[in-house]
Amino acid sequence: MNKYQFFFSILFFNSYILFSQVQGVVLNNEQSPLDGVNIYISEYDLLIKTGVDGVFLISESIPNNSYLEFYKKGYQTTIIQYNYENELKIVLKKLHVELDEIGIRESISVLGSNKLLNIEQKSLSDNFISYTSLVENINQLTGVSSIGSGLGIQKIVIRGLSGLRVVTYLNGMRISNQEWANDHSIGFTDLGISKVELIKGASSLQFGGDAVGGILYFSDEPFVESTIPSGFIATKFDNSHMLFGNQFGVKMSRNNFYFKADGEYSQASDYRLPDNTYLFNSRFLNKAYKFSVAYFNDKIQSIFRYQHNSDHVGIPAHACNVDLTSVPLESLTSSSFDLNEDYKMTRPTQYINNHLFTLKSNYFSNQIKYSFFVGYFINNLQEFEKWTIPAFDMDLSTTTLRFNLDFLIKKIKINTGLQYQNQDNFNNISSRLIPDASSNDFGYYLTMDFNKNNFGFNSGVRFDYKNIHCKDFEYNTFFPSVNSSLGFFYKQNDHISRITYSSSYRAPHLSELFSDGVHHGTMRYEIGNISLDTEKSHQFDFKYQYSNDHIGFVVNPFVQFVNDFISINPVDSFYINTYRIYNYIQYDNVQLSGLEINFHYHPHLLHNLHFEQYYSFINAVNIDDDVFLAFTPSNKIKTKLYLDLENYSIPLSLNNISIYHLYSFSQDNVALYEPFSSAYNIVNVELMFNPFNKTSLLIGVNNLFNEEYVPHLSRIRDVAGGVPQPGRSFNISLKYEF
Amino acid sequence: MSFNESETTNCQCLILIIKIMKKIFLIPFVIASLFIMSCEEEDHHDECHECHIAYMATGSKTQGEIGEFCGDDLADVEANGYTLLEDLVVGDVTIPAGFYPGVDIHCEDHADHDHDH
């Protein structure tokens with residue numbers, strides 16, 4: 001062992017012990033072996049495949065009751081709990097049709113059991129080559145919207161709530177990316193990401209005590225068993241932004257080490273509006289790379305990850321010291337595209353640099369899983385309005401320590417743990433919007449899952465004790481809170497019903513307490529309020545689902561009551577006659593209610609045709625003043641038609657055709673001084689080919705009918721009477737896997 | 001820690017880690033090395049930009065062009081402002097001579113609908 005290997009052994013608390021392996025086999029209904037079945041071992045974050053004889057090998061040290069997920073296209077996904085006393089012989093049922101897009105099938109989830117909690121999952125494995133961005137893809141789920149301006153700045157809205165109320169985790173680490181402002185994007189790309197899990201509301205006590213709106217949990221692609229490098233290279237072009245993007249990924253394993261590395265470089269110019277003009281400074285550039293190293297042996301599994309994401313993002317719709325609502329759109333757009341000039345960064349611009357380090361170790365003993373997680377995330381955000389002087393230059397560092405226990409008591413699965421999180425906000429220049437401040441949050445949580453036959457329940461509680469300290473304001477305040485959730489499900493034949501209650505308490509953020517200055521990204525002068533108190537939320541969520549071989553149907557009404565709702569509101573005055581002043585205030589009672597419906601249908605005569613439809617209706621009211629809440633997304637109907645042609649001989653090996661339609665209703669339920677927004681239709685079309693072995697080619701058209709539309713949540717809806725989103729655009733992507 | 005410093009430090013850290021990694025995984029190291037170039041930093045010190053005074057007159061803003069500034073001069077005018085030696089007439093508006101602080105000086109590019117920038 002050389003010194004480097006020794007270093008890694010110490011780092012991962014491991015010694016070299018080879019796996020003892022056990023053999024299993026996967027068969028179909030006719031008892032014939034199935035090759036190419038994916039087997040995901042959640043405890044190891046490891047993906048293996050069956051060979052041509054249907055045989056697979058796994059470590060016999062996998063702890064009892066670990067989940068193994070078996071999936072292959074055309075077959076029913078099966079999840080088993082590993083037991084070393086039982087024979088590993090799995091039979092996958094050939095599916096008449098597949099119903100997996102609307103959360104009907106059971107799946108392994110980091111956030112908990114999707115039987116017991118309202119968890120939705122979306123695969124992001126091939127998102128880079130699809131016609132959607134990361135956020136746009138998640139946006140296709142019911143109840144999810146986005147705030148943004150083009151592809152450069154985008155962030156998620158869940159059931160009308162966003163920013164600090166939607167907590168984002170990436171591989172176990174909270175991503176604190178100055179998410180309080182609408183011009184601060186999600187902070188990473190789809191690079192190397194396998195899936196996202198979404199909980200609407202605050203039911204995930206392990207991760208999101210203050211996730212009043214919901215939690216997004218992104219997971220990287222699993223490791224693979226392969227002593228030779230496997231991976232992919234992919235490239236894409238989108239002509240709305242004249243975007244060029246490239247990604248690569250490589251994975252391999254040797255001895256008990258597993259390794260992954262991914263990289264990305266994307267550059268985009270100003271996006272083209274439906275009238276063929278270009279929104280000046282909507283350009284962006286992204287550079288990212290990440291790698292992960294894991295070491296697995298029979299007792300301990302450790303994964304170290306590092307990720308760097310760098311964004312240069314233009315802030316469009318800028319004019320010098322004038323009221324942006326009254327400027328003509330022509331003053332914000334260019335009439336043509338200049339290849340030499342329009343990729344260069346201009347002003348105003350955000351420069352965002354995120355570095356993420358995480359180390360997670362699991363230790364198994366006596367049927368107890370001990371998990372230790374340590375993560376460090378540093379975000380540097382600079383906003384330049386001038387060329388040489390940043391208006392804003394801030395480091396926000398987040399350190400998280402978490403110790404977690406998983407074990408079973410009879411049929412009850414217990415998950416309990418402690419979490420400590422420290423955040424430091426540090427200004428690198430004297431000009432500042434938010435002062436230097438720090439917060440410390442100690443949390444304890446306990447959840448219990450019971451699941452037997454057709455009945456199950458989930459309950460949990462979380463205690464948080466948060467301290468916020470700011471020397472400039474002589475502010476040192478503690479915010480204790482108790483969060484809880486309780487849910488039941490009952491299954492009878494093809495019918496499943498579930499009801500969930502969750503409460504969450506969110507302490508005010510530094511930006512809400514201490515802001516005092518011009519925020520150039522939003523063209524506001526923002527003033528915080530140090531007397532803000534904890535925001536309290538109570539949510540009731542009911543879900544009914546029915547599915548048979550051809551139809552899947554989900555109805556999901558909800559209601560959420562939020563007390564002391566923190567809001568930022570405009571006042572009728574300006575700073576230096578330019579920046580409208582906004583104050584942070586609290587509403588006593590806010591109510592959000594809505595209905596979400598998913599529908600999935602396969603005609604009996606054409607099994608390859610999938611028809612999915614999603615309905616989202618939401619109403620958000622400030623009860624005290626009996627007025628609607630600002631920035632509430634419009635109601636939407638999302639429809640997807642997917643024709644699977646894999647089993648037909650079509651030129652260029654056309655694999656599938658996908659048509660996506662979005663109908664957004666007009667939004668008339670608006671707050672005081674908030675403009676209405678009109679209804680619109682968007683149609684996107686995508687064709688996927690497999691022209692060569694291991695090669696995917698996608699050709700797509702977004703906004704096929706060149707609709708001119710301004711979403712209600714557009715960042716630039718108030719500018720120049722509403723700046724439209726991109727017009728019709730063509731995209732082409734190519735991916736080769738090796 | 002400034003943006004540049006953090007970028008440099010983390011790049012050094014990454015290089016160190018990759019050096020260690022290559023002992024174990026040579027091929028991934030080679031590929032990851034290609035991305036070291038993402039550590040390069042944008043530099044605007046040699047750039048030149050047209051600047052103007054944003055002058056408020058009778059409730060509306062008027063832009064008074066003050067010429068092109070480069071390098072240190074650009075940094076100076078953005079930070080410390082500009083002294084207009086003579087009155088400047090823009091259409092019907094006269095921008096009086098005098099000192100204009102940095103907050104009134106703008107050198108950022110704007111959309112040009114005729115696109116001759």
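Is A:Glu526 buried or exposed? A:Glu526 counts as buried, because its relative accessibility is 2% and the cut-off for buried is under 20%. This comes from a predicted model.

## A:Glu526 and its partner

A:Glu526 forms a salt bridge with A:Arg524. The closest N and O atoms of the two are 3.4 Å apart. A:Arg524 is buried too, at 13% relative accessibility.

## Salt bridges across the chain

The count of salt bridges over all chains is 23. One of them joins A:Lys200 and A:Glu120, with an N to O distance of 2.7 Å. This pair links distant parts of chain A, 80 residues apart. A:Lys200 sits in strand 13, residues 193-200. A:Glu120 sits in strand 8, residues 119-123. Both ends are buried: A:Lys200 has 2% relative accessibility, and A:Glu120 has a relative accessible area of 6%.

Another salt bridge joins A:Asp210 and A:Arg174, at 3.2 Å from N to O. Here, too, distant parts of the chain are linked, 36 residues apart. A:Asp210 lies in the loop between strand 13 and strand 14. A:Arg174 belongs to strand 12, residues 173-174. A:Asp210 counts as buried at 14% relative accessibility, and A:Arg174 counts as buried at 10%.

Some salt bridges join up. A:Glu120, A:Arg159, A:Lys200, A:Asp541 and A:Glu596 are linked in a network.

A:Asn556 touches this group. Its contacts beyond four places in sequence include A:Arg159, A:Asp541 and A:Glu596. Others among them are A:Asn118, A:Phe542 and A:Gly594. With A:Arg159, the side chain of A:Asn556 makes a polar contact of 3.2 Å, side chain to side chain.

Where is A:Asn556 found? A:Asn556 is in strand 34 of chain A, residues 551-575. A:Asn556 is buried, because its relative accessibility is 2% and buried means under 20%. A:Tyr544 is 12 residues away along the chain, yet the C-alpha atoms of A:Asn556 and A:Tyr544 are separated by 6.5 Å.

A:Asn655 lies in strand 39 of chain A, residues 654-664. A:Asn655 is buried, with a relative accessible area of 9%. Its side chain has a polar contact of 2.9 Å with the side chain of A:Asn656.

Which residues does A:Asn655 contact, leaving aside its neighbours within four places in sequence? They are A:Leu643, A:Asp644, A:Leu645, A:Glu646, A:Met688, A:Phe689 and A:Asn690.

Definitions and conventions: Residues are numbered from 1 along each chain as its sequence is written. Chains are lettered from A and ligands numbered from 1 in the order in which they are written. This is a predicted model: local features need pLDDT of at least 70, side-chain atom pairs count only at pLDDT 80 or more; totals for chains, interfaces and linings use all residues. Side-chain values use heavy atoms; hydrogens and water are left out. Helices (H or I, at least four residues) and strands (E, at least two) are DSSP runs, numbered from the N terminus. Buried means under 20% relative accessible area, exposed over 50%, partly exposed in between (1.4 Å probe, protein chains only). A polar contact is a pair of N or O atoms within 3.5 Å; within protein, one must be able to donate a hydrogen and the other to accept it, and residues adjacent in sequence count only if both atoms are side-chain atoms. Contact means heavy atoms within 4.5 Å. A salt bridge is a side-chain nitrogen of Lys or Arg within 4 Å of a carboxyl oxygen of Asp or Glu.
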